[in-house]
Amino acid sequence: MGNVCSPSFSCDDSVSHCLDCSVRKAGYICHLQDNLDALQRELQMLIEERNDVRVRVIVAEQQQMKRLERVQGWLSRVEKVESRVGKLIRKSPQQVEKICLGGFCSNSCKSSYKFGKKVVKALRLVQSLRKQGDFQDVAQPAPENPVDERPLPATVVGLQSTFDGVWKCLMEEQMGIVGLYGMGGVGKTTLLTQINNKFLDTPNSFDFVIWIVVSKDLQLAKIQEGIAKKIGLFNESWQSKGLEEKANKIFKILSKKKFVLLLDDIWELVDLAQVGLPVSSCASASNKIVFTTREIEVCGQMEAHRSFKVECLGFDDAWKLFEEKVGRDTLDTHPEIPELAEAVARECGGLPLALITVGRAMASRKTPREWEHAIEVLRCSASQFSGMEKRVFSRLKFSYDFLPNDAARFCLLYCSLFPEDYRISIEDLIDCWICEEFLDESNGIGVRNQGYSLVRTLLHSCLLEEEEDNFVKMHDVIRDMALWIASTTEEREKFLVLAGVGLIEAPRIRMWKGVTRMSLMTNQIENLLESPVCPRLRTLFLSSNIFHRVNSDFFQSMASLRVLKLSYSNPLLFEISKVVSLQHLDLSHSRIERLPIEFKYLVNLKCLNLEYTYGVLKIPPKVISNLKILQTLRMYECATVPQARDSILFGDCRVLVEELLCLEHLSVFTITLNNFHALQRLLDSCMLQYVSTPSLCLSHFNNSKSLGVFSLASLRHLQTLHLTYNDLEEIKIDNGGEVKRVRELSGFHSLKNVYISSSKSQTCGDRELPGYGRNNQQ
């Protein structure tokens with residue numbers, strides 16, 4: 001037993017048992033002092049060992065490690081033994097005094113025996129604890145909390161309804177993968193943070209809630225590292241492992257756990273299986289994955305079971321956020337400031353990133369003049385506003401940079417030529433892009449389909465917003481960003497965009513120099529009296545101005561001009577014929593009364609838009625048919641007034657149809673016809689096999705009592721049909737049946753709108769046509 005002292009005797013076997021008992025009892029008494037000394041020495045060494053272990057534990061816990069349970073148990077047992085042995089040692093002098101006859105006897109043998117026995121047991125226990133205290137490790141890495149709380153902005157507005165929808169979705173059994181998409185700076189990360197923190201105060205059974213920032217540069221190893229740190233796999237040897245080995249280790253743990261994975265800011269497909277996630281479980285109730293992205297296509301690539309668009313703020317929420325950033329102290333400085341501040345807030349378009357940036361910049365501006373200046377800068381040159389370039393545009397530009405090709409990037413910049421909040425016709429955009437040669441006709445893919453695909457790319461990237469009736473719109477801040485890019489990074493292009501800024505005069509000649517794209521849309525310009533020299537100018541938007549006088553040489557030095565928009569104006573047209581490079585001419589909704597005969601010299605024209613030019617009195621013969629390479633001709637709702645006798649629209653419109661049939665390259669046309677024979681000539685032609693006809697107006701078929709609408713089903717891509725009649729009594733809508741109530745039009749797979757108007761009472765329908773537009777009339 002080591003230091004424990006006990007006597008030893010030799011005796012016969014018959015009496016050995018009795019002698020052993022006597023010897024042990026005597027040993028407890030006669031060796032009491034030696035055993036006490038040994039106990040004190042062993043206890044001191046145990047205390048020293050205990051102190052060393054405590055220091056090791058403290059150091060480990062400072063490194064965020066957790067002490068082992070067996071170490072904690074040993075320390076607790078040592079504490080109890082130390083207390084117990086201390087009591088024995090304090091009582092020992094009284095027991096030692098009872099020993100007599102040189103240690104072989106005691107004044108109280110029974111008491112000394114019991115005490116000596118306790119000393120021997122304590123000595124054995126102390127020696128045993130010393131052996132148990134030889135720990136190789138005293139602590140291990142502490143397990144991560146299931147959820148790490150993340151900081152939220154002081155003011156969070158406008159996200160509650162989306163948050164409620166996402167949270168409800170996450171609690172549903174069948175929802176495993178949820179996508180949050182929206183434009184940059186709209187609040188997707190804030191929403192994801194709210195979801196993360198909700199797990200802190202909501203009872204749940206998830207073992208891990210893991211937050212990973214992915215960003216534009218996708219690195220699977222970085223995602224694996226973040227997951228490994230959360231689930232306790234990350235150590236010194238982790239970096240030396242390969243991607244597949246890491247994935248296997250992650251899989252072994254997470255396949256037995258319930259987890260939520262929050263992926264912030266992903267730009268492309270993240271291969272969950274390659275990371276090591278148990279993909280088969282992601283679609284079940286056990287595991288959830290929520291990600292944010294600027295690309296709606298990523299939601300499809302990630303096979304999201306539900307996708308939520310994070311929208312910009314309504315004005316009430318936007319004002320609340322803006323007010324918090326500016327501060328009431330500034331807003332209350334002057335009675336005019338609150339109204340001006342509302343105008344500044346509106347310029348941010350409900351985008352939280354812009355509201356925060358502009359609000360902070362205006363927090364120290366306490367005079368009305370400063371606020372008026374801020375409004376002017378934001379409207380005319382937002383990139384010059386403090387913080388916009390660095391904190392807003394540079395972040396939004398990631399979406400621009402991530403577009404798949406240069407054509408998509410330039411088409412986005414092209415949209416900035418239109419004024420703020422302008423509803424841009426997709427058909428109009430594609431017409432322009434074809435004439436600008438942004439779309440590639442050499443690969444055998446239809447250019448219009450390319451154009452539609454490109455528009456969808458911009459929509460899916462949240463750089464354009466979809467509107468009803470085949471229109472799109474550009475968010476004000478995205479437009480400002482696009483103008484900033486066009487002015488700073490495009491070496492070959494020079495944009496001058498002064499659309500909707502209240503001009504009453506055109507820019508001075510010196511401003512036109514070197515410009516390639518110019519927009520003066522939606523102003524009050526009355527006169528174009530100078531003749532600018534701009535040989536590089538390719539695009540000129542002059543729509544929505546009221547021109548009274550135009551210099552006859554205004555277009556003289558625009559040798560490269562391809563696209564000219566004069567819609568919603570009263571253009572003076574005669575000099576346009578000098579621009580032989582012109583490929584796109586938009587005169588829609590304008591107040592023109594006749595097409596000049598000189599237009600026949602625009603031989604490079606590919607697109608001519610005359611839609612909604614109700615007041616046209618004359619289109620001379622041979623003008624349309626002489627435009628040999630014309631691809632798009634739009635004449636829907638054109639020339640509704642009585643025509644001059646020498647107009648191709650005079651009489652039965654058959655001259656117009658014959659001129660159309662001469663256009664070998666025509667691929668899109670819209671038209672208004674006023675005679676059944678002209679319609680029949682068109683329907684009988686083989687041209688309709690390859691020409692798209694989105695809109696058709698059949699006006700005043702006075703000599704026809706019956707119309708077979710079913711025959712119009714041969715018109716490709718027909719979306720809008722407008723019927724205006726005086727004497728029509730019957731509409732045939734199927735192969736042979738004649739009915740007097742319009743109930744359904746079969747065969748028109750693309751048809752969206754039907755307009756039926758009448759100058760006298762007719763029986764044309766007793767209910768709204770299913771699937772057609774809101775403008776149906778009886």
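1. A residue is called buried here when its relative accessible area is under 20%. By that criterion strand β6 is mostly covered, with five of its six residues buried. The model under discussion is a predicted one, and the points below should be read accordingly.

2. Overall composition. The protein chain contains 24 helices and 28 strands. It has 778 residues, of which 49% count as buried. Among contacts in the chain with a separation of 6 or more, 63% are accounted for by residues 24 or more positions apart. A search of the whole structure finds 29 salt bridges.

3. The parallel sheet. Five strands make up an open sheet, in the order β6-β7-β8-β5-β9, and their pairing is parallel. From one strand to the next, the twist averages 15°. Helix α5 (residues 160-170) packs on this sheet, where it touches β5, β8 and β9. The direction of α5 makes about 170° with that of β9.

4. Strand pairing in detail. Strands of a sheet pair through backbone hydrogen bonds, in either a parallel or an antiparallel manner. Between β6 and strand β7 (residues 259-266), which run parallel, there are six bridges. Trp211 has Leu262 in β7 as its bridge partner. Opposite Tyr181 stands Thr293 in β8.

5. A helix pair. Packed helices are described by the angle and the distance between their axes. For helix α15 (residues 352-361) and helix α17 (residues 388-401), the axes come within 10 Å and cross at roughly 175°. Angles over 145 degrees count as roughly antiparallel, and α15 is therefore roughly antiparallel to α17. On the α15 side the contact is made by Leu353, Ala354, Thr357 and Val358. On the α17 side it is made by Met388, Arg391, Val392 and Arg395.

6. Side chains of opposite charge can pair when their charged atoms come close. The side chains of Asp406 and Arg409 meet in a salt bridge, at 2.9 Å from N to O. Both residues lie in helix α18 (residues 406-415), three residues apart, which is about one turn of the helix. Asp406 counts as exposed, because its relative accessibility is 55%, whereas Arg409 is buried, with a relative accessible area of 16%.

7. A salt bridge between distant parts of the chain. Arg634 forms a salt bridge with Asp431, and the closest N and O atoms are 2.8 Å apart. The pair links Arg634 in strand β21 to Asp431 in helix α19 (residues 426-436), 203 residues apart. Arg634 counts as buried at 5% relative accessibility, and Asp431 counts as buried at 1%.

8. A further pair between loops. Asp553 and Lys578 form a salt bridge in which the closest N and O atoms are 4.0 Å apart. Asp553 is in the loop between β17 (549-550) and β18 (563-565), while Lys578 is in the loop between β18 and β19 (584-586); 25 residues separate the two. Both members count as partly exposed, Asp553 at 34% relative accessibility and Lys578 at 42%. Returning to Arg634 and Asp431, salt bridges that share partners join these two residues with Glu427 and Arg448 into one network.

9. Glu611 is located in the loop between β20 (607-609) and β21 (632-634). Which side chain of opposite charge is nearest to Glu611? It is that of Arg634, 4.4 Å away. A salt bridge requires a side-chain nitrogen of Lys or Arg within 4 Å of a carboxyl oxygen of Asp or Glu, and Glu611, although buried, has no salt bridge. Leaving aside residues up to four places away in sequence, Glu611 touches Ser588, His589, Arg634, Met635, Tyr636, Glu637 and Thr670. Arg634, one of these contacts, has a salt bridge with Asp431.

Key. Residues numbered from 1 in each chain as written. Predicted model: local features only at pLDDT ≥ 70, side-chain atom pairs only at ≥ 80, totals over all residues. Heavy atoms only, no water. Helix = DSSP H or I, 4+ residues; strand = E, 2+ residues; numbered from the N terminus. Buried < 20%, exposed > 50% of the residue type's maximum accessible area, 1.4 Å probe, protein only. Lys, Arg positive; Asp, Glu negative; His and termini not counted. Contact = heavy atoms within 4.5 Å. Pairing = 2+ DSSP bridges. Axes fitted to C-alpha atoms, helices over the stretch in contact; angles between N-to-C directions. Parallel < 35°, antiparallel > 145°, perpendicular 65-115°, else oblique.
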